[in-house]
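Visitor: I would like to take a close look at one part of this model. Please describe it in detail and in order.

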Amino acid sequence: TTALSGKHLLVTAGGTRERLDPVRFLTNDSSGKMGYAVATAAQQAGADVTLITAPTKLPVPSGVTVVPIESTQELADAVLTRLPAADGLVMAAAVADFQPVTAADQKIKKTTDNDELVLRLKKTPDILQAVAANKRPDQVVVGFAAETQNLLENGRQKLTKKHLDLLAANDVSRADIGFNGDNNQVTFLFADGHSDQTPVTSKRAIATTLISHVAEIFNQK
Ligand code: PMT
């Protein structure tokens, strides 16, 4: 289809990695499947797609420009430098909320006096918050919310706080949806206050629905 032809969309995917030392990092369970499905659906809807991705095991979707990143800081830089030339952004990446205060230059060693090791973490930059501060009214920005409780309440708060046009809230406490698997269920929360829950279905189907909502929002701008 051509619902998004002429639009340049940035899509983020995967779990960011925060380095502890040259051989270790903190990350999360994201497989990248949700974000890759969004990138594919957007490309099939005629968009020019840039997929900014943390490391995953997935093949590169055809017809999509891929920008590899690892850390939240690298993801933030990649998104914020490309945002001015883009029409929209979908943040499906599972972004670390904390990073080590310092990354060790050398591999952290076991010694006789470190039976316990304390890691000091600091907050990562909030990418959507920074995007909100820089976005033009013609741009469409979509977030996800990964929640283990109070899905709709927390989702609504993120929609408002991050000035999003659309938010897809998913319950990541369930084994059959959310991280890693091929299926998901989301509640789409729209800026005008209405919401719409999908059934449990493939990430591909959810991505197609998400992209049709994005096309509608572009039409309303
Ligand atoms: O990759 P899969 O295995 O397919 O799993 C899909 C998924 C569960 C990872 C995906 O559907 C999902 O929910 N992605 C968002 C995960 C997340 O980081 O949620 P959050 O509620 O912590 O963050 C809210 C939003 O802010 C997200 O759009 C996130 O990308 C963004 N964020 C978060 C932290 C941060 N520092 N900057 C951000 O921009």
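Is the crossing of α1 and α5 left-handed or right-handed?

Guide: The crossing of α1 and α5 is right-handed; a crossing has this hand if the near helix is turned clockwise from the far one by less than a right angle, and is left-handed if anticlockwise. The model is a predicted one, in which local features need pLDDT of at least 70 and side-chain atom pairs count only at pLDDT 80 or more, whereas totals for chains, interfaces and linings use all residues. Residue numbers start from 1 along each chain as its sequence is written.

Helices here are DSSP runs of H or I with at least four residues, strands are runs of E with at least two, and both are numbered from the N terminus. Between α1 and helix α5 (residues 203-220) the packing angle is about 50 degrees, and the axes are 8 Å apart. Axes are lines fitted to C-alpha atoms, for helices over the stretch in contact, and angles run from 0 to 180 degrees between N-to-C directions. The two helices are therefore oblique to each other, the term for angles that are not under 35 degrees (roughly parallel), over 145 (roughly antiparallel) or 65 to 115 (roughly perpendicular).

On the α1 side, the contact is made by Lys33, Met34, Ala37, Val38, Thr40, Ala41 and Ala42, and on the α5 side by Lys203, Arg204, Ala207, Thr208, Leu210 and Ile211. Residues are in contact if their C-beta atoms, placed from the backbone, lie within 7 Å. By class, this contact has eight nonpolar, two polar and three charged residues; Ala, Val, Leu, Ile, Met, Phe, Trp, Tyr, Cys and Pro count as nonpolar, Asp, Glu, Lys and Arg as charged, and the others, Gly among them, as polar.

With Ser31, Ile127 and Gly143, they come nearest among the 27 residues around the ligand, where a residue is near if its C-beta atom, placed from the backbone, lies within 6 Å. Two or more residues of this shell are given by each of α1 (33-44), α3 and β9 (140-147), with β9 contributing the largest share, four residues. The shell as a whole divides into 13 nonpolar, nine polar and five charged residues.

Ile127 is found in helix α3. Helix α3 (residues 127-134) packs against helix α2 (residues 72-82) at about 20 degrees, with axes 10 Å apart. These helices are therefore roughly parallel. Ile127, Ala130 and Val131 of α3 make the contact with Leu75, Ala76, Val79 and Leu80 of α2; seven of the residues are nonpolar, none polar and none charged.

Key: Contact = placed C-beta atoms within 7 Å.
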